[in-house]
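Please follow the structure below from an annotated position to the aromatic side chains and then to the charges placed over rings.

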Amino acid sequence: MTTSHYIAGRWVDGQGSDCISVNDPALGQPFAELMAASAEQVDQAVAAARAALPAWKCTSASERAAYLRGFAEQLGQRREALVALQMRNNGKPRHEAEIDLDDAIATFGYYAELAEQLPGQNRDVPLAAPGFTARTRLEPVGVVGLIVPWNFPLVTSAWKLAPALAAGCTVVLKPSEVTPLCELAYGQIADTLGLPAGVLNIVNGKAETGAALSNHNGLDKLSFTGSNNVGSQVMRSAAAQCRPVTLELGGKSAILVFDDCDVDAAVQWIVAGICWNAGQMCSATSRLLVQDGIADALLPRLQAALENLRVGSPLSEEADMGPLTSQAQWLKVAGYFATAREEGLQCLIGGKVLDRGGWFVSPTLYADVPEGSRLWNEEIFGPVLCARRFASEQQAIAEANDSRFGLVATVCTTDLARAERVADALEVGHVWINSVQAVFVETSWGGTKGSGIGRELGPWGLSGYQSVKHVTRCLG
């Protein structure tokens, strides 16, 4: 049994009623257990964050920056252990786990730099009216709850934790019950760095723990990344408290391939967009829109590329794609394979679970999928790609935008004027042109429509944890 909660600077055992099994998805077997936090322990964590807030928000910008750089350095020192843990608990191939860790390190380094710039963001405001002066002051929003998902542990938590600490907030972090162990490294690092007790608190648990945190009246803000179903519950909790919330939710993103595109390059971008992390990405470009003139050349090569992907355990094989992270997700994807058969979809490759002892599925491609298909419209969260053909640029844009989600998109064409024009017309938060999904900490992350509220990363990620105050003085 693992001690799994970090509250007020101390490690404590869980006192909740849920026992969490931590699984190796390549084997479909547990390798650790922990007891969830109780509602009382969530209370304690929020109280600890509240008690630590007055002193923490008054620390200097340079002091907070030093702590953030310490987090980055300590993550690097724990590199091999954290990479191995992601491979074992998430089923990520080594190269993916290493990129995730590099992302988390870069995030803490970036927000250390922004923290040092905070004093310069408090400035005078010119007024048209005589007899008054005004100034702007940026303050931490207060105590924030951070709820993160299982598909990118360390990464999504860094995207929230680093800017929150940089802004001067204190936090209560709840990792996913599927991958609860990686984020415990942040508590260990806090101990090593001597981070003041209560600035960072970590409570693990299932839905009951998440609900206790999201409903807690001691929070000043909550930031959530996860499914739309849970996100709507978090939003209702925020509404009941009249409390700000950031939501990073689902996607059903499109990749648009025009007929002037290099076929081999397009195949590379398509495969990366649907098979990275076994397709368990809110940004997965799971809708392929391919222009008529290139479709007959592209689809067979894409089929061959998916067939040649090495699917296996990252711990025992050179795998290009690992298993799905949980049995629940494996069953969900299997259900969509059954739906595809019921709908009579044309399966070019895959469409089945793999009998390898763990939670493996085959990379899958369906061709000429009707726009009314459930697989075309619903987020699957697996390596399942649906393709449709289009004739014109206008049709491609219209079909890409015909979704209740609006997270990301990719445009593939050698006509750069068209690429920029299409990118501007797409109703999403991030567009890649002729690229894999390269995410940089300096750019924003978030979407439109049902893909969420607010932005993470870049200066926008920091501003999400800041409150704007104006001070106006009469000179008379």
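In this predicted model, Glu248 is buried, its relative accessible area of 3% falling under the 20% cut-off for that class. The residue belongs to strand E10, which covers residues 245–248, and an unreviewed UniProt entry lists Glu248 under "active site". When neighbours within four places in sequence are set aside, the contacts of Glu248 comprise Phe224, Thr225, Gly226, Cys282, Leu407, Trp445, Ser451 and Glu456.

The aromatic side chains come next, and a search of the whole structure returns 10 aromatic pairs. One of them joins Phe108 and Tyr186, whose ring centres are 5.6 Å apart and whose planes meet at 50°, so the pair is classed as tilted. Because Phe108 lies in helix H4 (residues 94–116) and Tyr186 in helix H6 (residues 184–193), this pair ties together parts that are 78 residues apart in sequence. Phe108 is buried, with a relative accessible area of 0%, and for Tyr186, likewise buried, the value is 0%. A further pair is formed by Tyr110 and Tyr111, with ring centres 5.0 Å apart and planes at 80°, so that this arrangement is edge-to-face; both of these tyrosines, Tyr110 and Tyr111, are buried. Returning to Phe108 and Tyr186, one finds that they form one aromatic cluster together with Phe71.

Finally, there are charged side chains placed over aromatic rings. Lys221 lies over the face of Tyr465, at 5.0 Å from the ring centre, while Arg388 is positioned over the face of Trp376, at 5.6 Å from the centre of the ring.

Terms used. Residues numbered from 1 in each chain as written. Predicted model: local features only at pLDDT ≥ 70, side-chain atom pairs only at ≥ 80, totals over all residues. Heavy atoms only, no water. UniProt positions renumbered as here; feature names shortened; annotations may be inferred. Helix = DSSP H or I, 4+ residues; strand = E, 2+ residues; numbered from the N terminus. Buried < 20%, exposed > 50% of the residue type's maximum accessible area, 1.4 Å probe, protein only. Contact = heavy atoms within 4.5 Å. Phe/Tyr/Trp six-rings, centres within 6.5 Å; stacked < 30°, edge-to-face > 60°. Lys NZ or Arg CZ within 6 Å of the ring centre and 35° of its normal.
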